[in-house]
Amino acid sequence: MRGANHWLRIAIIWFVVSVIVEFLVLKAPIPFPTMSEQAEGITQTGYMLFLVGAPIFVFVWVMLLYCIIAFRRRGPTEPPPVPRPDSNVILLLWAAISFTIVIFLAGWGTFTLHEITEPNGPHPLNIQVIGQQWYWTYRYPSYGGMETKALYLPTNTPIKFNITSLDVVHSLWIYPLDVKEDAVPGVSTTAYVDVHPHTPNFTAHINAICNELCGLYHGYMHGAVYIRPKATFAAWAQKQEAKERASGLLKNLPPYSLIYYPTANSFTPPPPQDQSP
Amino acid sequence: MNTSRRRAIFTAAGVLAVLTATALYVWGIMYKPAYGSSPVVNPWAVVSSTPNHVTVRLDILPAIGYGQHSDWIGYTAPDHQHSPNILKLPAHALVTMEIHNYDSRTDLRNHFFTLVQGVVGGSEQVTPYKGTPTTVKVMNPNLTSHTFTIPDLGVSVPMEGVGDTAPATAYVTMKFTFRTPGPGKYRWQCIVPCGFGLYGFGGPMQTFGYMDGLLVVH
């Protein structure tokens with residue numbers, strides 16, 4: 001470029017605009033989920049991507065607009081610009097900065113991925129999520145395999161969801177907890193969550209919805225999720241198990257299994273398919 | 001009018017036409033019954049009505065016998081000529097449902113739905129063919145046939161099926177009562193797949209007016 005002060009001007013404009021954009025990003029009223037340890041990790045990763053990406057985005061646009069304005073052809077008699085020779089310093093700096101940013105973000109993302117795909121502590125509470133058109137039900141193997149139509153979750157407890165479906169592919173999405181995982185027939189998928197209360201005796205009533213088109217009433221496939229303190233949850237679970245045992249429902253339910261094969265003789269494996277051409 | 005302006009007008013008209021056609025198609029799927037008759041409220045299923053108590057009679061037929069898919073299973077009004085796809089009910093009222101099931105037994109996909117849920121007293125009265133009425137809170141999964149489920153109200157009641165050797169005119173009677181909430185629209189469905197395709201959830205299960213419908217609470 002002609003004149004050294006162009007770089008200074010670009011740097012100043014870039015710095016000022018970056019600060020403004022970073023401030024807007026941090027203060028933006030986006031309702032990120034933060035109700036679980038996993039949700040907080042994902043939200044922080046999202047913010048990190050914004051914070052690192054925003055100055056790069058601003059740099060590209062400042063360069064583009066500055067060059068369009070500062071180096072526009074001012075008249076028919078203006079001579080064409082003289083090409084500058086390549087600069088190894090600039091090339092190496094460019095590569096080094098890009099490499100550092102990418103490695104940093106990859107590392108951060110990998111760490112977060114590890115956090116959300118592993119239990120947050122030993123002996124997580126197993127809860128099975130069963131999707132069927134168009135209803136969610138939940139089984140608690142630690143409580144006699146009882147089944148409920150509302151999901152109750154304790155706080156400060158590592159939880160492991162084993163998710164499956166009895167018919168077509170559904171997807172469990174509990175936004176405030178940032179849990180999203182497919183429910184596939186014949187397969188058990190896994191998600192982990194640790195509800196992270198901001199206050200003691202935290203309670204909440206949120207929703208689980210389906211995030212995979214599963215038929216005519218996919219949009220109506222939602223269920224209640226109740227978050228309770230650990231002691232309240234334990235009391236509810238014991239009472240619910242006793243109620244289902246007394247009513248005879250527990251006797252009707254099949255033995256707990258990670259997957260089910262609904263057929264005419266429900267919950268038996270289907271006959272092998274003839275794969276011959 | 002120049003060419004670019006004319007092109008813009010035609011493009012806008014085309015987009016509007018596509019959007020209108022899409023909206024009409026979606027309306028046709030969601031609200032217009034497949035059998036083609038009046039899509040609005042079906043009064044033939046309501047046998048008595050006061051502001052506080054409504055009695056609804058429905059039948060489940062293995063082949064509904066009318067409409068576009070006459071061989072499909074479906075809930076129907078007692079006259080066997082009208083599907084109860086939309087039932088109009090008063091708010092905060094008791095609704096007593098009496099359902100005659102002419103269909104045979106089939107296993108529920110999920111035995112959780114053998115439990116009678118969300119009804120007054122937590123039970124239903126079941127009168128088998130040539131049998132005596134009994135109070136049922138959890139149905140024997142060997143006897144089940146269908147369900148009447150209103151997901152948003154937490155109501156789910158299993159229907160008993162007729163035995164294999166029963167005559168074609170035999171039916172089992174289920175009677176239960178639930179309370180309607182405030183005004184709104186609440187869909188109902190059978191949770192048991194016994195139609196065609198996708199393990200039974202094509203056809204009657206996903207076509208409005210057969211094994212699903214709406215409660216319009218006013």
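The expected span of a helix is 1.5 Å times one less than its number of residues, and helices (H or I, at least four residues) and strands (E, at least two) are DSSP runs numbered from the N terminus. Residues are numbered from 1 along each chain as its sequence is written, and chains are lettered from A and ligands numbered from 1 in the order in which they are written.

**Confidence**

- The pLDDT, which is the predictor's confidence in each residue from 0 to 100, has a mean of 88 in chain A, where 93% of the residues reach 70 or more.
- Over residues 264-272 of chain A the pLDDT is below 50, and this stretch has 13 contacts in the model beyond near neighbours in sequence, a contact being a pair of residues whose C-beta atoms, placed from the backbone, lie within 7 Å.
- Where pLDDT is low, the predicted coordinates should not be read in detail.

**Domains of chain A**

- Chain A is divided into domain 1 (5-71 + 91-116) and domain 2 (125-252), with bounds that come from an automatic or database domain assignment.
- The C-alpha centres of domain 1 and domain 2 of chain A lie 37 Å apart, and the contact takes nine residues from domain 1 and 10 residues from domain 2.
- On the side of domain 1 of chain A that touches domain 2, helix α2 (residues 37-70) gives the most, with five residues.

**Helices of chain A**

- A kink of about 30° lies at Gly53(A) in α2(A), shortly before Pro55(A); the bend at a residue is the angle between axes fitted to the seven residues ending there and the seven starting there.
- Among the buried residues of α2(A) are Ile42(A), Val58(A) and Val62(A), where buried means 20 or more other C-beta atoms within 10 Å of the residue's own, exposed means 12 or fewer, and partly exposed lies in between, with C-beta atoms placed from the backbone.
- The cover over the buried residues of α2(A) includes α1 (5-27), α3 (88-116) and β8 (189-194) of chain A.
- Helix α4 (residues 230-247) of chain A has 18 residues and should span 26 Å, which agrees with the 26 Å between its end C-alpha atoms; α4(A) is followed by Gly248(A), whose phi is positive, near 95°.

**Backbone details in loops**

- The peptide bond from Gln133(A) to Trp134(A) is cis, with omega near 0°, and Trp134(A) is found in the loop between β1 (125-132) and β2 (135-140) of chain A.
- Asp178(A), in the loop between β6 (170-174) and β7 (179-183) of chain A, has a positive phi of about 55° although it is not a glycine, and Asp178(A) is buried, with 22 other C-beta atoms within 10 Å.
- Lys130(B) also has a positive phi of about 55° without being a glycine; Lys130(B) is found in the loop between β6 (124-127) and β7 (134-136) of chain B and is exposed, with 7 other C-beta atoms within 10 Å.

- Chain B holds one helix and 12 strands, and buried residues make up 40% of its 218 residues.
- Of the contacts in chain B with a separation of 6 or more, 68% are between residues 24 or more positions apart.
- In the model, 18 residues of chain B are in contact with 23 residues of chain A.

Methods
This is a predicted model: local features need pLDDT of at least 70, side-chain atom pairs count only at pLDDT 80 or more; totals for chains, interfaces and linings use all residues. Two residues are in contact if their C-beta atoms, placed from the backbone, lie within 7 Å.
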